[in-house]
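Here are my notes on the model, as numbered points. Please read them with the structure open.

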Amino acid sequence: MPIEVTLPALSPTMESGTLAKWLVSPGDTIAAGDLLAEIETDKATMELEAAEDGVVAELKVSAGTEDIPVGTVIAVMAQEGEAVPSPGGDRERDEIQPSAQQPEDADDAAQHLPPSTPLAGGSVAAAAVPVDSSADATALASRLAAARGVDLASFTGSGPDGRILWRDIVTEIPAATPPERASSGAKAAPIPATNGPVEGVPHDAHPLSTMRKAIARRLSASKQTVPHFYLSVTCQIDALIDLRQRLNEELVPDGIKLSVNDMLIRAMTLALRRVPDANVGFGGDRLYRYRRVDIAIAVAVEGGLVTPVIRDAGAKSLAAIATEARDLVEKAREGRLMPEDYQGGTASISNLGMYGIDAMGPVINPPQGLILGVGSGREGPWSQDGAIVSARLLTATASFDHRAIDGATGADFLAEFRRLVEQPMLMLT
């Protein structure tokens, strides 16, 4: 029977995507693991991999189509021995138009499925993968195995010549349902309705990008459903600046250059380790206490914001954090992030210091319970040993989810953060 290829959910926030480019044409013979198309998500541009062998019978969605709902059939493949219909047919009637709207609960139906899980009716969701692949296994199978911590050598492939496919991994090691989805049961909040433009004022109307729609939806939901409270501390950073300069002089031969933000990430990580009650998430009828600190770093990109994650940052040295942060920022700005780069995170940091902002109160990124906003370093008066001196100061403001974190816990976290920033040698222990 024909194989329907559907658009998969490539991230927890994805409800629709843009088909940027087809990499195949009707009549092409495809092997499992071959690349089918480039898809723009709310986070990055990804490549879709074929889940099965077959012949491309029909491309049901035109390149350039925007707002394709997750689960939409985008192509049809014929299995070996089946007749391949001539290109065209009812294609024009069936194509998704750019104005197509996303069903309100589309991602709730798709998010519980691992990439390329068969959907109802026998359709198959293709999955986004890096281009790199090995001889024994498709790239998707390799990524799924790595994410689940299993050895590919333990699997018998069901593909041609024994090649290991995604379904071989999924069948044996099903993906876990993310705890935030398992607990909330809530549908993704729609983008709130707005009024039209101010009457009589000349203006241009620009359609929202997929990324901007996701940002609008998620942050609106956060402010509507998460009770934020804010705490701020001002830190004296002379010692931190001086230590950074000395360390950079020592690390030059290794090609590592520390930024102030790298040191703040390290201080935040250690503070969360020492105040674990702040490294939590609200789960409706339960509280999730994370045994690992994963820090999501806000990165401004063209058209919006992405938050790649430094995983297990608490186990990484300052130099390792600096190297990983630099690589993630570079990938984000070039649109090369993979889902595993930006999914998750137990807390976030957003630094607007480079824009000259003194302080900021950022919006929490659910299901996280904490985000730290950092302003710029500046000269200001400081009380030291009974005298007022000039010092370099930095204000950090943390936004907390009051359902999961109390004021005293938030204060303990920020006090520990300030202690580490003002005594930066403690970060090296």
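1. Accessible areas here come from the Shrake-Rupley method with a 1.4 Å probe. On that basis the protein chain exposes about 20,500 Å². Carbon and sulfur atoms supply 52% of this area. Buried residues make up 46% of the 429 residues in the chain.

2. This is a predicted model, so confidence comes before detail. The mean pLDDT of the protein chain is 79. Of its residues, 76% reach 70 or more. Two stretches need care. Over residues 87-135, pLDDT stays under 50, although the model has 120 contacts beyond four places in sequence for them. Residues 173-188 also stay under 50, with 25 such contacts. Where pLDDT is low, the predicted coordinates should not be read in detail.

3. The overall fold next. The secondary structure comes to 11 helices and 21 strands. Take the contacts in the chain with a separation of 6 or more: residues 24 or more positions apart account for 67% of them.

4. How many of the residues of strand S18 are buried? The count is 5 of the 5, over residues 347-351, so S18 is largely enclosed by the rest of the structure. Burial holds on both faces. Ala347, Ile349 and Asn351 point one way, Ser348 and Ser350 the other way, and all are buried.

5. S18 has strand partners to inspect. Strand S14 (residues 295-297) runs parallel to S18, joined by 3 bridges. Within that pairing, isoleucine 297 has isoleucine 349 as its bridge partner. Strand S19 (residues 370-374) also pairs with S18 in the parallel sense, over 4 bridges. There, serine 350 stands opposite glycine 373.

6. Beyond four places in sequence, asparagine 261 touches Ile349 and Asn351, both of which point the same way from S18. Is asparagine 261 buried or partly exposed? Its relative accessible area is 22%, and the cut-off for buried is under 20%, so asparagine 261 counts as partly exposed. Its C-alpha atom is separated by 8.7 Å from that of alanine 322, 61 residues apart along the chain.

7. Helix H7 (residues 238-251) passes a geometry check. At 1.5 Å a residue, its 14 residues should span 20 Å. The end C-alpha atoms are 20 Å apart, which agrees. The buried residues of H7 are Asp238, Leu240, Ile241, Leu243, Leu247, Asn248 and Leu251. What do they pack against? Their partners are strand S11 (228-236), H8, helix H9 (318-333), S21 and helix H11 (407-422).

8. S21 belongs to a hairpin as well. Strands S20 (residues 378-384) and S21 (residues 387-401) pair in the antiparallel sense over 7 bridges. Glutamate 379 stands opposite arginine 392 in S21. The hairpin has 2 residues between its strands. In the turn, aspartate 385 has a positive phi of about 55 degrees.

9. Last, serine 222, which lies in helix H6 (residues 210-225). Serine 222 counts as buried, at 1% relative accessibility. Leaving aside neighbours within four places in sequence, serine 222 is in contact with His228, Val363, Ile364 and Pro366. His228 falls in strand S11 (228-236).

Methods
Residues numbered from 1 in each chain as written. Predicted model: local features only at pLDDT ≥ 70, side-chain atom pairs only at ≥ 80, totals over all residues. Heavy atoms only, no water. Buried < 20%, exposed > 50% of the residue type's maximum accessible area, 1.4 Å probe, protein only. Pairing = 2+ DSSP bridges. Contact = heavy atoms within 4.5 Å. pLDDT = per-residue confidence, 0-100. Expected span 1.5 Å × (residues − 1).
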